[in-house]
Structure formats: C-alpha cells, structure tokens
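Visitor: Hi! Could you walk me through this structure, one piece at a time?
Guide: Happy to, just ask as we go.

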Amino acid sequence: MSRTLESLSPKEVLALAIHVEQANARRFRAFAEVFQGYDAEVAKRFEELAAEEDHHEQLLDAQFQKSFGGALPPLEQVDISGIVEAVDLDDGEHLIFDTLKPRRVYELALRAEREAQEFYRKATAKAGDAMLAALYRELAEMETGHASFLEDKLRTS
C-alpha cells in the first residue's frame, strides 16, 4: 500500500530521509566503481559525493536518535508515492561493454539531487520542530550544492 509524504509522521519522514541518503550513497559508490577503470576523475568525484551522502545520513541519524531514539521504523522509499526514486543505470549492457558515458551518470545523479532537494523542502513542512526543520533546510542547501556541481559538469562534458 503506497502512502504519501503528507500522511507520514515526523518520525517516519526522518526515517525516510535516512533511507534516501543511504540509497544515494550506495548508488554513487556504484557509479564510482563503474568509472574506476577508465575515468579516475569521474570515479573520484562520485566517491566524494557518496561520502557526502554518508555525512548527510549521519546528521539525520543523530537527529533521529535525539528526537525519537531507538530503531528506524520499517519504511522504504518504495512505500511512499512521489518520493525520490532510486537512481539506477537504465541499461545493464553499459556495465558489460563499458559504454557508459560520464554525461549519462551525471544526468542521473543530477536528477537524484534535484529530487532530494524537493524532498527536503517538503519534509521541512512536516518537521514538527524548529531544529529538525533547520536540518532539512540545511540538507536541501547541501543538495543544491551537489546539483550545481553536476550542472557544471554537464555544461563542460
């Protein structure tokens, strides 16, 4: 059964934010691995983006423990309609034949960053307290920085 962001409690929104950051970190690491053998610069930047997503997750997890404590509720992105979709390569043959171009990965990553920005904007309205709202605004701004970097890479690639 699919739910909407508006139907979630502040605790569930925060848990979902943690899941979003975890998923993006995993995908960015996968992108880094794809380029490791033939474009070290692209691989390095995606590893850096993954590390930044790890940092976002740590900030969110610390806030979760402070605000709610305990384990995250069992909630995944796929359970919520209209939330950040997983960033995946749309053609597995790229991985087999090394035909994946940095531009395509930058486009996928940019889409994820824009969706994360929008998620944090919506989450701010569901925060329930000023500290959590401030954290969501801060994360939206960080995602804006990531998006700007990726837009620059797309302009120059």
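Predicted model: local features only at pLDDT ≥ 70, side-chain atom pairs only at ≥ 80, totals over all residues.

Visitor: Where is Glu-12 found?
Guide: Glu-12 is in helix H1. Helices here are DSSP runs of H or I with at least four residues, strands are runs of E with at least two, and both are numbered from the N terminus. Residues are numbered from 1 along each chain as its sequence is written, and side-chain values use heavy atoms, with hydrogens and water left out.

Visitor: Is Glu-12 buried or exposed?
Guide: Glu-12 counts as buried, because its relative accessibility is 18%. Buried means under 20% relative accessible area, exposed means over 50%, and partly exposed is in between, using a 1.4 Å probe and protein chains only.

Visitor: What does Glu-12 touch?
Guide: Leaving out residues up to four places away in sequence, Glu-12 touches Arg-3, Ser-7, Pro-73 and Leu-75. Contact means heavy atoms within 4.5 Å. Leu-72 is 60 residues from Glu-12 along the chain, yet their C-alpha atoms are separated by 8.0 Å.

Visitor: And which backbone nitrogen does its side chain reach?
Guide: The side chain of Glu-12 reaches the backbone nitrogen of Ser-9, at 2.9 Å. That is a polar contact: a pair of N or O atoms within 3.5 Å, where, within protein, one must be able to donate a hydrogen and the other to accept it, and residues adjacent in sequence count only if both atoms are side-chain atoms.

Visitor: What about Arg-27, buried or exposed?
Guide: Arg-27 also lies in helix H1. Arg-27 counts as buried, at 17% relative accessibility. A polar atom of the Arg-27 side chain lies 3.0 Å from the backbone oxygen of Ala-23.

Visitor: How many of H1's residues are buried?
Guide: In H1, 19 of the 26 residues are buried, so the helix is mostly covered. Its end C-alpha atoms are 38 Å apart, which agrees with the 38 Å that 26 residues should span at 1.5 Å a residue. The expected span is 1.5 Å times one less than the number of residues.

Visitor: Let's zoom out. How many helices and strands does the chain have?
Guide: The chain has five helices and two strands. From the N terminus on, the order is β-α-α-β-α-α-α. Of the 157 residues, 43% count as buried. Take the contacts between residues at least 6 apart in sequence: 77% of them join residues at least 24 apart.

Visitor: How do H1 and H2 pack?
Guide: H1 and H2 pack at an angle of about 165 degrees, with their axes 8 Å apart. Axes are lines fitted to C-alpha atoms, for helices over the stretch in contact, and angles run from 0 to 180 degrees between N-to-C directions. H1 and H2 are therefore roughly antiparallel to each other. Angles under 35 degrees count as roughly parallel, over 145 as roughly antiparallel, 65 to 115 as roughly perpendicular and the rest as oblique.

Visitor: And H1 with H4, at what angle do they cross?
Guide: Their axes cross at roughly 170 degrees and come within 11 Å. H1 and H4 are therefore roughly antiparallel to each other too. Residues that meet there include Val-13, Leu-16 and Phe-28 in H1, and Val-105, Leu-108 and Tyr-120 in H4.

Visitor: Back to H2. What does Ala-50 touch?
Guide: Ala-50, which is in helix H2, touches Ala-25, Phe-28 and Arg-29, not counting residues up to four places away in sequence. Ala-50 is buried, with a relative accessible area of 0%. H2 has 28 residues, and its buried residues pack against H1, H4 and H5. After H2 comes Gly-69, with a positive phi near 65 degrees.

Visitor: Last one: which helices does H5 pack against?
Guide: The buried residues of H5 pack against H1, H2 and H4. Among them are Leu-132, Tyr-136, His-146 and Leu-154. H5 covers residues 130-156 and reaches 39 Å from its first C-alpha to its last, close to the 39 Å expected. At its start, a side-chain oxygen of Asp-129 reaches to within 3.1 Å of the backbone nitrogen of Met-131.
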